Protein chains: 2
Amino acid sequence: MEKSKVLGILGGLGPMATAYFYELVIAHTVAARDQDHIDMVISSKATTPDRTAYILGESADDPFDVMEREAHRLVTFGAEVIAIPCNTAHYFYTRLDAAIPVPVLNMVRLTAEKAVAKGCTRVGVLATDGTVETDTYQLACRAAGLECVVPDKAAQALVMQVIYDDIKSGMPPNMAAFHIAANQLFGAGCQCLILGCTELSLVKKQGLLDERYIDSIEVLAEAAIVACGKTVQGLY
Amino acid sequence: MEKSKVLGILGGLGPMATAYFYELVIAHTVAARDQDHIDMVISSKATTPDRTAYILGESADDPFDVMEREAHRLVTFGAEVIAIPCNTAHYFYTRLDAAIPVPVLNMVRLTAEKAVAKGCTRVGVLATDGTVETDTYQLACRAAGLECVVPDKAAQALVMQVIYDDIKSGMPPNMAAFHIAANQLFGAGCQCLILGCTELSLVKKQGLLDERYIDSIEVLAEAAIVACGKTVQGLY
């Protein structure tokens, strides 16, 4: 069995999405016994300041310093590749990648590239206000040669309700609200929708969404397994 | 919101049980937003040598040195309380607890105490050969004032099949084999059975077991939440 790299997970953003990402990496690594799995170290820093609130100027608490410190701790712990299972935090990707001496996987770029590989030309993005207003996915999609559509203001407010009022609060997702936003994007000609918030990945985990959705957390899990030198099973 | 302690999880023994433990801690912490959750750091050291193989003398690879080093790294990372979601590893509990400068929760002792709190006087234990042959639960149960029964040799072999050939190999559990062992213990007068291996907790997670089973991983999750200064919801 080849020696795999140690995966560092910069997590807690939020914690349940991190737990799901960790589970996905394990479930989709080809392994016949414990010792075939990837060694990982996870910082689940739930108290990291809210990313969207800071990005939108609603809070002065800067999450970057906490993320940078935790990422350095992961490297000290032995991490050789870093994954951040939070799309909104990818607003800070370039600064973080520059500050950290090991490769940091770019979930947003990888997800846009996955949409291209699936044959999409026009995608919709369901994400936080922080991700949408900073054009995080819009820029990555353009770089990948994709048209990108986001919900209008009213539908985006529904997406935020599902993320914050439901999932981050430990409640079941309001699927009626979710589908109003999703149907708007399908109605605008999108062939597939990117789940561009790892809290929304938890909706897909419950089996509530079909194959037209590209789940950013699944894309990141696949990339992490490969980057650590292991073989992927059961994804895509 | 009170400042909670940082939980260190000495994990990867196996990895899927650790992911489940992490999920349980999150799901059962009273929290209305990400920042209400416990900050955690997890070492998912899947390549730690097999505990049962070492304990039974089938392998010279000593898992203790790896566990001790990872536990020290967790403390360096900021862990103030340590949880080990692996019953077999509790064979090394006393040495590890003595070596580490922060409290290490004792899952085996806590689970025996939970059985007493539930009103049991005679419990059965489903666990690995390593846990059974070292009397790990037998001693903890005696200290808690409980009678303790383990499967006979043939039934114990079935328990090991479910743990190693099924769950650790990523296969569905053979429930017929599981129930042969379980029914032997109920037939011996046990009022409840301790799931004394966190891989068996994954069987309960699938909704396949009733309330007569005391799940050591749930007991550890409850104790970890309390030890970190948070409030538990939805367990017991």
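A salt bridge here is a side-chain nitrogen of Lys or Arg within 4 Å of a carboxyl oxygen of Asp or Glu. Keep that in mind for the exercises below, and remember that this is a predicted model.

**Exercise 1. Work out how many salt bridges link chain A and chain B, and check the pair Asp34(B) and Lys168(A) against the cut-off.**

Start with the tally: there are 6 salt bridges between the two chains. Now take the pair. Lys168(A) brings the nitrogen and Asp34(B) the oxygen, and their closest N and O atoms sit 2.7 Å apart. The cut-off is 4 Å, so the pair qualifies.

**Exercise 2. Describe the side of chain A that touches chain B: which elements give two or more residues, and which gives the largest share?**

First, list the elements: helix H1 (15-27), strand S2 (40-44) and helix H3 (63-77) of chain A each give two or more residues. Next, pick out the top contributor, which is H1(A) with 8 residues. Then sort this side by class, and you get 17 nonpolar, 10 polar and 11 charged residues.

Now step back to the whole contact. Chain A puts in 38 residues and chain B puts in 38 residues. Together they bury about 3000 Å², with 52% of that on carbon and sulfur atoms.

**Exercise 3. Find out in what sense S2(A) and S2(B) pair, and which residue stands opposite Val41(A).**

Look at the two strands side by side: S2(A) pairs with S2(B), residues 40-44 of chain B, in the antiparallel sense over 5 bridges. Then follow Val41(A) across to the other chain, where you land on Ser43(B).

**Exercise 4. Decide whether Thr111(A) is buried or exposed, and name what it touches.**

Begin by placing Thr111(A): you'll find it in helix H5 (residues 107-117) of chain A. Its relative accessible area is 0%, and buried means under 20%, so Thr111(A) is buried. Leaving out residues up to four places away in sequence, Thr111(A) touches Tyr137(A), Ile194(A), Ile214(A), Ser216(A) and Val219(A).

**Exercise 5. Say which residues of helix H7 (residues 136-144) of chain A are buried, and what covers them.**

Finally, check what comes after the helix: Gly145(A) follows H7(A), with a positive phi near 85°.

Key: Residues numbered from 1 in each chain as written. Chains lettered and ligands numbered in written order. Predicted model: local features only at pLDDT ≥ 70, side-chain atom pairs only at ≥ 80, totals over all residues. Heavy atoms only, no water. Contact = heavy atoms within 4.5 Å. Buried area = accessible area lost by both parts, 1.4 Å probe. Helix = DSSP H or I, 4+ residues; strand = E, 2+ residues; numbered from the N terminus. Nonpolar A, V, L, I, M, F, W, Y, C, P; charged D, E, K, R; others polar. Pairing = 2+ DSSP bridges. Buried < 20%, exposed > 50% of the residue type's maximum accessible area, 1.4 Å probe, protein only.
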